[in-house]
Amino acid sequence: MPATMLARSPPTTVPLSVPGKATHNPSFSHPSPYTRVGISPPQPGSSANTSAVPSLTSGSYAGSTGGDSESSNGGASGIDLVELMNDRLSNAVDPLPLDRSLARQAQTSGALNAKQKELQELQALAQRRLKGARSNFSEGMKAAKEVRKDLEWTQKHVS
C-alpha cells in the first residue's frame with residue numbers, strides 16, 4: 001500500500017426539499033386531495049399526447065408559437081377545475097354531524113325559550129301574590145291600630 005493513498009470521502013448528498021406532513025387530527029379526517037389514476041402508457045406508434053404535461057416535441061409546448069395550449073384544448077386534460085374543487089370541498093366536510101348539532105341546538109333553544117316563558121309567568125304570579133300580601137298586611141295593620149285605639153278607649157272609660 002502506498003503511503004500517499006488518497007482517502008475517499010463518502011459521496012456527498014444534496015438535501016431535497018420534501019413538503020412537511022400536516023399534523024393529523026384524529027377527530028376530523030378528510031380525504032386526500034390527490035387521487036391515483038392508473039393510466040397505461042400510449043401504444044407505440046400512437047401520436048396522441050395523453051399527458052397533462054406538454055411534451056417538448058409537441059406543438060403545445062409553452063415556448064411554441066402555436067398559441068395558448070390550455071385555451072385551445074379546454075384545459076390540460078379536459079378537467080373542469082372549478083367542478084373538481086367543488087366536488088373535493090363538498091366531500092371534505094360531512095354535513096351529517098352539522099345537521100345533528102343544528103337540530104340539537106334548535107331543540108335546546110326551544111326548551112330554553114319555554115323555560116324562559118315559564119319563569120316569566122311564575123315571576124308575574126309571584127308579583128301578583130306579593131301585591132296581594134302587601135295589601136292584606138296593610139289592611140291587617142289598619143285593623144290592629146283600630147283594635148288598639150278601641151282597647152285604649154275602653155281602658156280609659158272602664159277604669
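Leu 84 lies in helix 2, which spans residues 81–92, where helices (H or I, at least four residues) and strands (E, at least two) are DSSP runs numbered from the N terminus. The model is predicted, so local features need pLDDT of at least 70 and side-chain atom pairs count only at pLDDT 80 or more, while totals for chains, interfaces and linings use all residues. Residues are numbered from 1 along each chain as its sequence is written, and side-chain values use heavy atoms, with hydrogens and water left out.

**Overall build**

- The secondary structure of the chain comes to three helices and zero strands, and from the N terminus on the elements run α-α-α.
- Of the 159 residues of the chain, 1% count as buried; buried means under 20% relative accessible area, exposed over 50%, and partly exposed in between (1.4 Å probe, protein chains only).

**Confidence**

- The mean pLDDT of the chain is 74, and 52% of its residues reach 70 or more, pLDDT being the predictor's confidence in each residue, from 0 to 100.

**Surface patch around Leu 84**

- Together with Ile 79 and Leu 81, Leu 84 forms a nonpolar patch on the surface, with about 280 Å² of accessible area in all.
- Patches are made of residues with over 30% relative accessible area and no salt bridge, with like charges joined within 9 Å and nonpolar side chains (Val, Leu, Ile, Met, Phe, Trp, Tyr) within 5 Å.
- Leu 84 counts as partly exposed because its relative accessibility is 31%.

- The structure holds one salt bridge, that is, a side-chain nitrogen of Lys or Arg within 4 Å of a carboxyl oxygen of Asp or Glu.
- The side chains of Glu 118 and Lys 115 meet in a salt bridge at 3.9 Å, N to O, and because these residues are three apart in helix 3, they are separated by about one helical turn.
- Glu 118 is partly exposed, with a relative accessible area of 38%, whereas Lys 115 is exposed, with 52%.
- His 157 is also found in helix 3 and counts as exposed at 52% relative accessibility.
- A polar contact of 2.8 Å joins the side chains of His 157 and Trp 153; a polar contact is a pair of N or O atoms within 3.5 Å, and within protein one must be able to donate a hydrogen and the other to accept it, while residues adjacent in sequence count only if both atoms are side-chain atoms.

Definitions and conventions
Areas by Shrake-Rupley, 256 points an atom, 1.4 Å probe, with all protein chains shown as cover.
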